[in-house]
Amino acid sequence: MTRIQKTLATLAIGGSALAAGAPAFAQAAAPQAPAAAAAPAPMLTIRQVYDKMEAAGYRNISEIERSSKHGYEVKAYDPQGQRVKLRVDPQSGAVTRSRFDD
């Protein structure tokens, strides 16, 4: 056998042994992620956002729009009677930004 043939034979044997052991090693080394962390929370519907805003004390809710950047944008009156524009988290319904609406 020539030197190149020996090297190729060694690589072939070593590669097949590595390939046979790799799935078991990869499977054992992979951490198990919790099911809740794997799937993101579903988006709230417009009705659910409306109900959450009303429960938080906002009144006369005139507009709820889904925004690709900010979740939901809502126009309403806050509990103090000021006209506001809100940004609402699409999964939790929490107000992430509130400013007076012109």
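**Entry 1: the sheet**

I looked up the sheet and found 4 strands in the order β1-β2-β3-β4, forming an open sheet with antiparallel pairing. I noted that the edge strands are β1 (59–67) and β4 (95–100), each of which pairs on one side only, and that the twist averages 20° from one strand to the next. For my own reference, strands are DSSP runs of E with at least two residues, helices are DSSP runs of H or I with at least four residues, and both are numbered from the N terminus. Two strands count as paired if DSSP finds at least two bridges between them. I also reminded myself that strands of a sheet pair through backbone hydrogen bonds, either parallel or antiparallel.

I must keep in mind that this is a predicted model, in which local features need pLDDT of at least 70 and side-chain atom pairs count only at pLDDT 80 or more, while totals for chains, interfaces and linings use all residues. Residues are numbered from 1 along each chain as its sequence is written, and side-chain values use heavy atoms, with hydrogens and water left out.

**Entry 2: strand by strand**

I followed β1 and β2 first, which pair in the antiparallel sense over 6 bridges, and there I found that Arg59 has Tyr77 in β2 as its bridge partner. Helix α3 (residues 46–55) packs on the sheet and touches β1, β2, β3 and β4, and its direction makes about 140° with that of β1. Contact here means heavy atoms within 4.5 Å, and the axes are lines fitted to C-alpha atoms, for helices over the stretch in contact, with angles running from 0 to 180 degrees between N-to-C directions.

Next I traced β2 and β3, which run antiparallel and are joined by 6 bridges; Val74 has Leu86 in β3 as its bridge partner. These two strands form a hairpin with 5 residues between them, and Gly81 in the turn has a positive phi of about 90°.

Then I turned to β3 and β4, paired in the antiparallel sense over 5 bridges, where Val84 stands opposite Phe100 in β4 and Lys85 has Arg99 in β4 as its bridge partner. Their hairpin has 6 residues between the strands, and Gly93 takes a positive phi near 80° there.

**Entry 3: Asp78**

I looked up Asp78 in the loop between β2 (71–77) and β3 (83–88). Asp78 is buried yet has no salt bridge, and the nearest side chain of opposite charge, Arg83, is 10.0 Å away. A salt bridge needs a side-chain nitrogen of Lys or Arg within 4 Å of a carboxyl oxygen of Asp or Glu; Lys and Arg count as positive and Asp and Glu as negative, whereas His and the chain ends are not counted.

The side chain of Asp78 reaches the backbone nitrogen of Gln80 at 3.0 Å and that of Gln82 at 2.8 Å. Not counting residues up to four places away in sequence, Asp78 touches Gly57, Tyr58 and Val84.

**Entry 4: Ser67**

I found its side chain reaching the backbone nitrogen of Lys69 at 3.3 Å.

Conventions
Buried means under 20% relative accessible area, exposed over 50%, partly exposed in between (1.4 Å probe, protein chains only). A polar contact is a pair of N or O atoms within 3.5 Å; within protein, one must be able to donate a hydrogen and the other to accept it, and residues adjacent in sequence count only if both atoms are side-chain atoms.
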